[in-house]
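The following exercises concern the architecture of a protein chain. Each task is followed by a solution in steps.

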Amino acid sequence: MAFKNNLLLCTPLECQTMAEMQASMERAKAEGADLVELCLDSLSFSHISEVQKLIKQRTLPSIVSFRLKSSRTSGKGECKFTCLQVLRLALELDVEFVEMDFEVASDIGMAEHLYKRADSKIIVSSNVNGGKPSTERLGHLIACMQSTGADVIKLEINVDYITDLAPVFQMLTYCQVPLIAVAVGSRGLISQLLGPKFGGFLVYGSLEGKSVPGLPTLVSLKHIYKLEYLNADTKVFGLISNPVGHSKGPILHNPAFRHTGYNGIYVPMLVDDIKEFFETYTGTDFAGFSVGIPHKEAAVGCCDEVHPLAKSIGAVNTIIRRPIDGKLIGYNTDCEACITAIEDALRGGRVVNGDASHASPLVGKTFVLVGAGGAGRALAFGAKSRGAHVVIFNRNYERAKALANAVSGEALPYECLDRFCPETGMILANASAIGMEPNSDQTPVSKESLKAYELVFDAVYTPRNTRLLQEATEVGATVVSGVEMFIRQALGQFRLFTGGLAPEDFMRKLVLEQF
């Protein structure tokens with residue numbers, strides 16, 4: 001099976017019964033896998049003939065693996081005997097790939113079988129744990145594994161931080177033999193999504209509904225990321241956030257890149273320390289970033305230059321790495337996105353051309369803001385720029401007070417939010433995470449209190465119709481979904497990413513279909 005220049009999508013199947021293994025193989029085939037890994041150490045079988053039948057009846061090219069450490073067999077000696085028995089059988093049956101632990105490949109009992117094999121390619125694997133991996137450590141391990149006569153090297157790496165993946169990408173680029181690298185855990189997701197850019201030939205994807213930490217789903221690989229288009233020149237963009245699983249950015253930006261013919265990929269990046277992230281990923285390959293919770297304010301200090309609007313807000317939601325000198329330039333596309341969405345809704349959907357500050361329906365309005373983080377700061381400065389009086393509620397009162405001082409507004413204790421009703425016809429904007437999945441039953445303001453508001457905006461967009469928006473609709477308020485803000489800020493980001501115009505109709509249609 002050719003594997004050097006063609007990207008292969010593989011699904012690992014860990015099943016306890018033969019029937020489940022067969023059914024999962026059919027599902028993998030239907031979802032677009034090129035091959036499956038039959039993890040036979042997870043399987044219960046009473047005789048080797050059952051394994052022989054499974055291998056002969058496989059409906060996809062396969063990797064047959066048997067890991068000693070995870071085997072269901074009881075004793076160590078029994079486990080190793082079963083492992084060698086299964087792997088020898090796979091070699092005899094000319095399975096496309098036979099994967100074995102480094103320890104097993106080095107066993108004298110396997111040497112003759114490896115030498116006599118016909119068409120099977122040998123994958124020698126090793127688990128790398130215990131501290132941050134370095135290029136030196138990985139390089140030494142790969143050299144030792146190569147000495148077994150391996151056709152392919154596979155490293156399973158436990159990463160504590162997304163920055164631990166940098167030496168993995170270096171290994172993929174410079175390794176002299178085909179290399180599979182799998183980073184275990186949610187911080188390792190980009191090891192699969194970006195692997196093909198750096199020279200990886202095989203990517204793992206999980207079956208829909210059977211999520212595995214660190215692995216994208218097969219469906220997302222086939223329909224969202226389309227990794228077959230990646231090459232060494234592909235520019236990397238992504239969302240820097242924690243958590244990051246809720247992000248809809250990939251389903252918008254990746255199709256838009258392909259629609260415009262731009263060679264880019266957009267991936268979720270679970271980042272714990274944003275400063276360390278930028279100190280680690282310094283190359284111009286990493287070309288641009290969306291910045292989410294909780295990094296928007298800290299991102300300002302990571303930039304070499306900050307756009308005046310973002311500087312005044314004190315929060316950055318978009319960073320571009322300038323190609324000519326590699327400097328990081330910070331922007332804020334949240335501010336105009338949310339404020340224009342609110343203004344257009346107040347005008348009944350009419351978009352007014354000209355100077356927005358003079359025509360704004362927010363002039364003189366009381367603008368009640370929940371949340372004083374990055375999104376809250378964008379809303380506060382935007383509302384102030386349109387002539388609204390901003391009143392801020394935040395669980396951390398000192399943060400609310402600092403933001404209120406910055407926009408000549410007012411801060412009140414969070415406990416007073418439900419009782420705050422100096423007038424009717426106010427604007428309410430939720431910039432907190434209250435109501436976001438999986439806590440979609442929550443709301444920052446009671447239904448009764450919503451009667452004081454003319455319009456309610458919710459920056460939360462997962463779910464699209466939050467409890468806050470549902471109850472605001474029920475009491476007769478105009479509502480603006482976070483989806484509208486998401487579309488507008490994403491259009492601004494895409495223009496910055498590509499240095500050109502975004503396909504607005506295409507992107508808007510895509511978001512409304514997907515959300």
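A crossing is left-handed if the near helix is turned anticlockwise from the far one by less than a right angle, and right-handed if clockwise. The model examined here is a predicted one.

**Exercise 1. Characterise the packing of α10 against α19, including the handedness of the crossing.**

Step 1. Helix α10 and helix α19 (residues 504–514) pack at an angle of about 145°, and their axes are 10 Å apart.

Step 2. Apply the definition above. The crossing of α10 and α19 is right-handed.

Step 3. Identify the contact residues. On α10 these are I251, L252, H253, P255, A256 and H259, which meet F506, M507, L510, V511 and Q514 of α19.

Step 4. Classify them. The contact of α10 with α19 comprises 8 nonpolar and 3 polar residues, with no charged residues.

**Exercise 2. Determine how α13 is oriented relative to α15 and to α18.**

Step 1. Take α15 as the partner. Helix α13 (residues 334–346) and helix α15 (residues 374–385) pack at about 60°, with 8 Å between their axes. Angles of 65 to 115 degrees count as roughly perpendicular and those under 35 as roughly parallel; α13 and α15 are therefore oblique to each other. The crossing of α15 by α13 is right-handed.

Step 2. List the residues of this contact. D334, C335, C338, I339 and I342 of α13 contact A378, L379, G382 and A383 of α15. By class, the contact of α13 with α15 has 7 nonpolar residues, 1 polar and 1 charged.

Step 3. Take α18 as the partner. The angle between α13 and helix α18 (residues 482–498) is about 130°, and their axes are 8 Å apart. Only angles over 145 count as roughly antiparallel, so α13 is oblique to α18. The crossing of α13 and α18 is again right-handed.

Step 4. List the residues of the second contact. From α13 come D334, A337, C338, T340, A341 and D344, and from α18 come E484, M485, R488 and Q489. By class, the contact of α13 with α18 has 4 nonpolar, 2 polar and 4 charged residues.

**Exercise 3. Describe the open sheet of 8 strands and give its edge strands.**

Step 1. Write the strand order. The sheet runs β7-β6-β5-β4-β3-β2-β1-β8, with parallel pairing.

Step 2. Find the edges. β7 (179–184) and β8 (202–204) each pair on one side only.

Step 3. State the twist. From one strand to the next, the twist averages 25°.

Step 4. Examine one pairing. Strand β5 (residues 121–128) and strand β6 (residues 152–158) run parallel and are joined by 6 bridges. In this pairing, I123 stands opposite V152 in β6.

Step 5. Helix α9 (residues 218–225) lies across β1 (8–13) and β8, and runs at about 160° to β1.

**Exercise 4. Describe the open sheet of 6 strands and explain why β10 and β12 are left without a neighbour on one side.**

Step 1. Write the strand order. It is β10-β9-β11-β13-β14-β12, and the pairing is mixed.

Step 2. Consider the edges. β10 (264–270) and β12 (305–306) each have a single partner strand, so one side of each has no neighbour in the sheet.

Step 3. Examine one pairing. Strand β11 (residues 286–291) and strand β13 (residues 318–321) are antiparallel and share 3 bridges. The bridge partner of S290 in β13 is T318.

**Exercise 5. Locate the cis peptide bond at P294, the one at P438 and the positive phi of D94.**

Step 1. Recall the background. Most residues other than glycine have a negative phi, and most peptide bonds are trans.

Step 2. Treat P294. A cis peptide bond with omega of about 0° joins I293 and P294, and P294 lies in the loop between β11 and β12.

Step 3. Treat P438. The cis peptide bond between E437 and P438 has an omega of about 10°. P438 is in the loop between β18 (426–430) and β19 (453–458).

Step 4. Treat D94. Although not a glycine, D94 has a positive phi of about 55°. The loop that contains D94 is between α3 (76–92) and β4 (97–101).

Definitions and conventions. Residues are numbered from 1 along each chain as its sequence is written. This is a predicted model: local features need pLDDT of at least 70, side-chain atom pairs count only at pLDDT 80 or more; totals for chains, interfaces and linings use all residues. Side-chain values use heavy atoms; hydrogens and water are left out. Axes are lines fitted to C-alpha atoms, for helices over the stretch in contact, and angles run from 0 to 180 degrees between N-to-C directions. Helices (H or I, at least four residues) and strands (E, at least two) are DSSP runs, numbered from the N terminus. Contact means heavy atoms within 4.5 Å. Ala, Val, Leu, Ile, Met, Phe, Trp, Tyr, Cys and Pro count as nonpolar, Asp, Glu, Lys and Arg as charged, and the others, Gly among them, as polar. Two strands pair if DSSP finds at least two bridges between them.
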